[in-house]
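Work through the exercises below with the sequence and the structure in view. Try each task before reading its solution.

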Amino acid sequence: MNNRKFGNTGEDLACRYLEKQGYKILERNKHYSRFCELDIIAQYKNTTVFVEVKTRKTDHFGAPFEAITKTKFENLKKGVQFYLSENKIKDYRIDVIGITLKPEIKIEHLKNVYYS
């Protein structure tokens, strides 16, 4: 399975998880540059939620969240700012979903994250 298909598998799982939690999926894979892609844009109540999804086959080489570097998070924030200005959104947050596929599917959802 190539990286794009693998990433899409994780994003599909994340979307189903979010929908079960009451989120409405607005957009997926919104690109602003080759460095900036918003994986999932969702609505939860009156809040727009930007969700970064990281998927790993196993946790043998680290948890999915460990793959989010400071640079990756800065690029994500730039994309969020572009989207906010285009769509005149005021109430938003950034979430991260980490998915591990084996030995069983494990989904972890961190809400309202900041990178320091």
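**Exercise 1: a hairpin turn**

Task: Find the residue with a positive phi in the hairpin of S2 and S3.

Solution: Two residues lie between the strands of this hairpin. Of these strands, S2 covers residues 36–44, and S3 covers residues 47–56. In the hairpin, Lys45 takes a positive phi near 55°. Keep in mind that this is a predicted model.

**Exercise 2: the neighbours of S2**

Solution: A hairpin of two residues links S1 to S2. Now turn to S3. Ile40 has Val51 in S3 as its bridge partner.

**Exercise 3: burial**

Task: Decide whether S2 is largely enclosed or largely open.

Solution: Count a residue as buried under 20% relative accessible area. Seven of the nine residues in S2 pass, so the strand is largely enclosed by the rest of the structure.

**Exercise 4: the whole chain**

Task: Give the order of the elements, then judge how compact the chain is.

Solution: There are two helices and five strands. From the N terminus they run α-β-β-β-α-β-β. The radius of gyration is 14 Å, close to the 13 Å from the globule rule for 116 residues, so the chain is as compact as a globular protein of that length. The C-alpha trace spans about 40 × 30 × 25 Å along its principal axes.

Technical notes
Residues numbered from 1 in each chain as written. Predicted model: local features only at pLDDT ≥ 70, side-chain atom pairs only at ≥ 80, totals over all residues. Heavy atoms only, no water. Helix = DSSP H or I, 4+ residues; strand = E, 2+ residues; numbered from the N terminus. Rg over C-alpha atoms; globule rule 2.2 N^0.38 Å. Buried < 20%, exposed > 50% of the residue type's maximum accessible area, 1.4 Å probe, protein only. Pairing = 2+ DSSP bridges.
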